[in-house]
Amino acid sequence: ASIHNGSEQELSHCWHRSTWFMLCSSVLACLPNPVHALDNGVGRTPAMGYNTWDDFRCSGITAANVKQVADVFVQLGLRKFGYEYVGIDDCWAVSRDPTTGVIQEDPKAFPQGMKAVADYVHSKGLKFGIYTDRGTATCVGRPGSQGYEKIDAETYAKWGVDLVKEDSCNAPDNHTEAFRQYGLMRML
């Protein structure tokens with residue numbers, strides 16, 4: 001007695017389709033996934049570290065607080081576990097120099113400038129990260145990088161920035177345009 005109501009031929013056909021599907025799925029699962037990436041040695045592992053956003057948002061981002069975070073990283077020995085970045089998120093910039101277009105950090109929060117903060121973080125054996133936005137303004141309305149990519153990239157390099165977190169607020173939502181804009185900062 002058979003629990004299948006169809007013919008043996010139908011059962012055989014079903015079994016062959018099922019086997020064929022499983023075989024194809026197995027082969028496809030073994031193929032390497034195509035990834036489009038720069039072969040420059042950067043990003044081989046995730047950038048692990050600290051970002052000011054969840055602790056400070058827009059209140060309390062100061063040079064003193066960022067330095068304190070770097071000190072705690074060292075005290076806890078986090079670098080040996082791969083945590084090497086101390087990053088400043090949104091709310092650090094207040095304007096652009098009207099003559100040069102150079103982005104300006106909040107002079108009250110960073111009285112010695114951003115380079116001094118980066119130098120301090122580096123003196124602890126850590127890397128320094130900073131936030132920008134590919135749009136005209138950051139998510140909270142501070143100056144964005146759109147139209148200033150070259151100036152910003154040069155400024156961040158002068159400051160000794162190791163990592164740039166580039167957001168996507170106040171920017172075109174077209175993906176092709178987004179990737180083009182993200183590429184501008186990288187190519188400089």
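1. Ser95 stands opposite Gln104 in strand E4. Strands E3 (residues 93-96) and E4 (residues 103-105) run antiparallel and are joined by 3 bridges. Strands pair if DSSP finds at least two bridges between them. The hairpin has 6 residues between its strands, and Gly101 takes a positive phi near 80°.

2. This is a predicted model: local features need pLDDT of at least 70, side-chain atom pairs count only at pLDDT 80 or more, and totals for chains, interfaces and linings use all residues. Residues are numbered from 1 along each chain as its sequence is written, and side-chain values use heavy atoms, leaving out hydrogens and water.

3. The count comes to 2 disulfides (a pair of cysteine sulfur atoms within 2.5 Å). Their pattern is 1-2, 3-4, with bonded cysteines counted along the chain.

4. Cys58 is joined to Cys91, S to S 1.7 Å. Cys58 sits in the loop between helices H2 (53-56) and H3 (63-76), and Cys91 in the loop between strands E2 (85-88) and E3, 33 residues apart. Helices (H or I, at least four residues) and strands (E, at least two) are DSSP runs, numbered from the N terminus. Cys58 is partly exposed at 38%, whereas Cys91 is buried at 7%. Buried means under 20% relative accessible area, exposed over 50%, partly exposed in between (1.4 Å probe, protein chains only).

5. Cys139 pairs with Cys169, S to S 1.9 Å. This link is right-handed, with 75° about the S-S bond.

6. Ala118 lies in helix H4 (residues 114-123). Ala118 is buried, at 0% relative accessibility. Beyond four places in sequence, Ala118 touches Phe128, Trp159 and Gly160 (heavy atoms within 4.5 Å).
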